[in-house]
Amino acid sequence: MYPFFYMKLFSVRILLFLCLYCYQCFLLAGQWTIQLENDVTFYEDGNYTNGLMFNWQSDYFSSDKRSKTLPNVLLWQKKLLIEQKADLVNWGVKLSQRMWTPSEIKIEEPQPFDRPYAGVLEFELHSAQYTNQLAQKNWSTIGIIGPSAGAEKLQSLFHSSTGSSAPNGWQYQIENQAVFSYSYELDKLFIRQKSFSYYQWEFSGHGYGSLSNLRSEIATGLTFRWGTNLAETFGRLSSHYGQISNLTSLTKHYDFTLFTRAQIGYRFNDVTITGDLPYHSLVEVQHPQAQLKLGFNLTFPHFSILWSVNAYTRDYQSDSDYWHGYGSLSLSWRI
């Protein structure tokens, strides 16, 4: 009873903290985003199956005004970034929920050889600085995994409203546990060339790391973009979940970008697989990882849409399918 009570209290505190920050953000200029991810794009219904995110990103300001503009709670994060000259800085907040399920959700009994049900609810603070050749981003996150994350209710409601198969095993999900993380990402331009008219193409490299009791991992990869306004929007793509940078503040008329992003990495731990369960699980984490993303971004001064298809290697060793995928749709607007 007591652990459950403290987890509920923890969730209430996160919600109150979020409401306070959202109220402050509403009074400021910036960009709002809602993002939905689902594996129905790949005709799947298991593994990473759904993500829902609400995000606010501030307008950009020059680095010499950073200490005056960043919230006090984010000042420690800027000390972990490499100092840059002539850069732009911004910050943001995010609330997100993600869920994972076994490959077969109709089964009511525990599935010790398949990944368990898991839901995560997280609140996040983000800060970043950009130039047209180098970008740095970092995130500090607090959240909860388990029944208090509310994933069971959301998936059951969605499946019942769409006539999909009912998920019958959520009573065997990963149990309640607080989760924390700090993540960092660096993007470096390799080459940018004019294509024709107003279009350009570019290659860049990136490195990403996350220190977390949820998922600690490191990754590196390459990004190719083709489109308009590439120098001004460099580094706005990310390997971090739900990171949608403010593009509407950078667009004068409209911009269009096609992109592909590939990376390899190593995952040290994954509580969505190895967390506490009411049964004995035989599933082990697949440590080497790879991801591939392909998408486009269409941006206007007050509205932006981003669509991508994402493929990733299996999360656990006994998975019979080596690759899985999901689609991602993000809608952003300025108030």
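Buried here means under 20% relative accessible area, exposed means over 50%, and partly exposed is what falls in between (1.4 Å probe, protein chains only).

## Aspartate 45

With a relative accessibility of 27%, aspartate 45 counts as partly exposed. Its place is the loop between β1 (30–38) and β2 (47–58); helices (H or I, at least four residues) and strands (E, at least two) are DSSP runs, numbered from the N terminus. Leaving out residues up to four places away in sequence, aspartate 45 touches Asp39, Thr101, Pro102, Ser103, Ile105, Gln155 and His159, where contact means heavy atoms within 4.5 Å. Take isoleucine 105: 60 residues separate it from aspartate 45 in sequence, while the C-alpha to C-alpha distance is 7.8 Å.

## The model as a whole

This is a predicted model, so local features need pLDDT of at least 70 and side-chain atom pairs count only at pLDDT 80 or more, while totals for chains, interfaces and linings use all residues. Residues are numbered from 1 along each chain as its sequence is written, and side-chain values use heavy atoms, with hydrogens and water left out.

The mean pLDDT (the predictor's confidence in each residue, from 0 to 100) is 87, and 85% of the residues reach 70 or more. Residues 1–6 are another story: pLDDT stays under 50 there, and the model has one contact for them beyond four places in sequence. The secondary structure comes to five helices and 13 strands. Of the 335 residues, 53% count as buried. Among contacts with a separation of 6 or more, 74% are between residues 24 or more positions apart.

## Salt bridges

There are 15 salt bridges in the structure, each a side-chain nitrogen of Lys or Arg within 4 Å of a carboxyl oxygen of Asp or Glu. One of them pairs glutamate 122 with arginine 98, with the closest N and O atoms 2.9 Å apart. Glutamate 122 sits in strand β5 (residues 118–130) and arginine 98 in strand β4 (residues 88–101), so this pair ties together parts 24 residues apart in sequence. Both glutamate 122 and arginine 98 are buried. Arginine 261 and glutamate 185 also meet in a salt bridge, at 2.9 Å from N to O. Here strand β10 (residues 255–267) holds the arginine and strand β7 (residues 177–194) the glutamate, so the parts tied together are 76 residues apart in sequence. Arginine 261 and glutamate 185 are buried too.

Then there's aspartate 270 with arginine 215, whose closest N and O atoms are 3.0 Å apart. Aspartate 270 is in the loop between β10 and α5 (271–274), arginine 215 in the loop between β8 and β9, and the two are 55 residues apart. Aspartate 270 is buried at a relative accessible area of 0%; arginine 215 is buried at 14%. Shared partners join Arg115, Arg215, Glu217, Arg267, Asp270 and Asp315 into one salt-bridge network.

## A look inside a cavity

The structure holds three cavities of 30 Å³ or more. On a 1 Å grid over the protein atoms alone, a cavity is a set of points where a 1.4 Å probe fits but cannot get out, and lining residues have an atom within 4 Å of a point. Grid points are joined across faces, edges and corners, and a volume is the space filled by probe spheres set on the points.

The second largest cavity has a volume of about 60 Å³. Its lining includes Asp187, Glu202, Arg225 and Arg261, and the elements giving two or more residues to it are β8 (200–212) and β9 (217–227). By class, that lining has two nonpolar, three polar and five charged residues; Ala, Val, Leu, Ile, Met, Phe, Trp, Tyr, Cys and Pro count as nonpolar, Asp, Glu, Lys and Arg as charged, and the others, Gly among them, as polar.

Note on methods
On a 1 Å grid over the protein atoms alone, a cavity is a set of points where a 1.4 Å probe fits but cannot get out, and a pocket is an open set with protein on both sides within 12 Å along at least five of seven lines; lining residues have an atom within 4 Å of a point.
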